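Please look first at the two chains one at a time, and then at the place where they meet. The paragraphs below follow that order.

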Amino acid sequence: MKRLLPSAFGLLLLLSACHRIESKDTAAEGNGTTTPRPSSTDNGSTLRMFMWSDYIDPEMVKLFEQREGVRVVIDTFESNESMLAKLQGGGASYDLATPSNYVLQTMVRAKLLQPLEKTSLKNFGNISPGFLNPNFDPGNTYSVPYQFAATGLAYNDSRYKPAEESWKLIFGPEDRVKFALLDDPREVIGAALKYLGYSVNSGKVEELRAARDLLRQTVKKRGFESFSGGPEIRNKLLAGSIDLGQIYVGDLLQGAAENEHLHVFLPNEGTTISTDTLVVLRGSPNPALARKFIDFVLEPKVSAAISNYTYYGNPNARAQPLLDPFLKSQKAFNPTPEEFSSGRVEFINELPRGNTPRLYDRIWTELKSR
Amino acid sequence: MMRRTHPALSAWAALTYAFLYLPILVLIIFSFNDSKFGATWQGFTTRWYGVLFARADVREAVLHTLEVALLSTAISTVVGTLVGFGLWRGGFRGRTGLTFLLVTPIVIPDVVMGVMLLMFYAIVRGWLEKTGWTFENGFWTVVLAHVTFQISYVALTVRSRLAGYGRELEEAAADLGATPVQSFLRVILPLAMPGVLGGALLAFTLSLDDFVVTYFTSGSGFKTLPVLIYTAVKKGVTPDINALSTLLVLFTVLLIVISALLMRPRNAGEQK
């Protein structure tokens, strides 16, 4: 057995070498376009990204490929947690990733990221002030904002017209409205905290207790339909099975572009926001190209094109005039700088370590298992 | 004469089938829905299938999926058949232990298997790097991972196929002058064939559908269909993904039907 193992791995290597050659051939055959396609083994000219599915305009990827004469490979993940697991396990060498802000500190601690070298980013100055120097990444050492998602309340005006733009519709005494909440502890507890006038990242036991009591009442209401994902809530609004839904603005706007009856607003008491960031990974085979791509995304035209494709919030100040008129007409799409500075929209941050995460967990478990 | 089935039992069976198949039916119907979000029925269209076939990443993923499934099935069928044969033949110590070890990859949660293999590859890479060699996760690590769980299915199918036959078959073959290799190739293997093919098809469909293990072991730049579909779902299912899933379901069902047909006839004939 001991003698068998090395030869088995030798065979494996030989086979994998054959496969490389094979895939090079198919790459050359399968590509009739003008894009230059250097071999996949040549790391100097391949950019590998790990990001959310359907999260970048394919035209912009093509543009970058043509401009730099490189090939861009995009792999997708479906949650921050599974992305972390795969990166920590090794064996996958990506240059770039798009983690959400609340896992950024975890990634820094796990030594998965390398500093950005901001001096090499000539478009760094385009970033909107509300996203500069965020508390999850002081001084933007590791990240630039890619796209963001504010959380709002949405309704279908052919069935229901809200009297005011407030969380009261959900947390108040009124019990006729049918509503759904996001299936996400930080969003749901965060909304309750905001309604009560506290921070979405609160670690104070009394504040969390108040939020818990409020949420206990809320899920007991007759109008409470379910905890669901964003796209699901959009579909429920379209189908008319709920009147009101907590939702990521981007998810709703994709539907609103096709159905004029869908609307979304950011409640007066304030709401949560989360950013997806662009980071260069420590194991990146090609960090220089990764930085070039980040600089490319920070170009106003490119940044606007990506938002016009995804309908997610745009953190690039100079891209704002280039956004789709439909997006610009939506008040909930881009919170104003004042809304940021006043704390009306608040980033969801990683919770302080210690007892706090357990408190959030306990509230959430109780709500879900009612 | 056939005994009458109680109506309540038939109703129960019908409900069970409805529970199993209605979601799949909904998926298939909505792949023909003329709406980008598919919440309500907007009319019949086949355009999502057009959108689907125009996508280069889908074509690439289909190719990867088939390559992995075919190769891993070939390897696991050969190895699994020999293991199944050995288990049936017995004559060595620790047969029960070995059977238990074969069941383990079947009952172990996929996530555990995926993470386990990811760590295993990392350790092997660490060893290799000391000798100046290295490899990246990709096609071959996925194939090897699939073989790991496929072998169990093939071996157990082959063993249960042979279970009804006694060792006398081999002895009779030997009496008639067959070498051990000849008796395996000419007597045992033909008898085991339905089990071998059934196991192979089972292994093939398992490889085709696997998401978790593939996600963890695929490294960068290597996607299969289930990975493409699953990661797309989080940002909202687009109807072309429904179309893709429909095709995948139909293909898998076809394979399972073939596998069932291959496993059936002889057993049914003998047990009368």
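What follows goes from the basis of the model to each chain, then to the interface, and last to the confidence of the prediction.

This is a predicted model, in which local features need a pLDDT of at least 70 and side-chain atom pairs count only at pLDDT 80 or more, while totals for chains, interfaces and linings use all residues. Residues are numbered from 1 along each chain as its sequence is written, chains are lettered from A and ligands numbered from 1 in the order in which they are written, and side-chain values use heavy atoms, with hydrogens and water left out.

Chain A has 14 helices and 10 strands, where helices (H or I, at least four residues) and strands (E, at least two) are DSSP runs numbered from the N terminus. Of the 370 residues in chain A, 56% are buried, that is, under 20% relative accessible area with a 1.4 Å probe and protein chains only, as against exposed at over 50% and partly exposed in between. Chain B, in turn, comes to 11 helices and 0 strands, and its C-alpha trace spans about 75 × 70 × 30 Å along the principal axes. In chain B, buried residues make up 42% of 272.

Where the chains meet, the contact (heavy atoms within 4.5 Å) takes 39 residues from chain A and 32 residues from chain B. The area buried between them is about 3,200 Å², of which carbon and sulfur atoms give 61%; buried area here is the accessible area, with a 1.4 Å probe, that two parts lose on being put together, summed over both. Between chain A and chain B there are 2 salt bridges, each a side-chain nitrogen of Lys or Arg within 4 Å of a carboxyl oxygen of Asp or Glu. One of them joins Glu136(B) to Arg48(A), with the closest N and O atoms 3.3 Å apart. On the side of chain A that touches chain B, the largest share, 8 residues, comes from helix 1 of chain A.

How far can the prediction be followed? The predictor gives the complex an ipTM of 0.73 and a pTM of 0.77. Chain B averages a pLDDT of 87, and 93% of its residues score at least 70, pLDDT being the predictor's confidence in each residue, from 0 to 100. Among the elements of chain B, helix 6 (residues 139-162) has the highest mean pLDDT (94) and helix 11 (residues 239-270) the lowest (77). Over residues 268-272 of chain B, pLDDT stays under 50. Where pLDDT is low, the predicted coordinates should not be read in detail.
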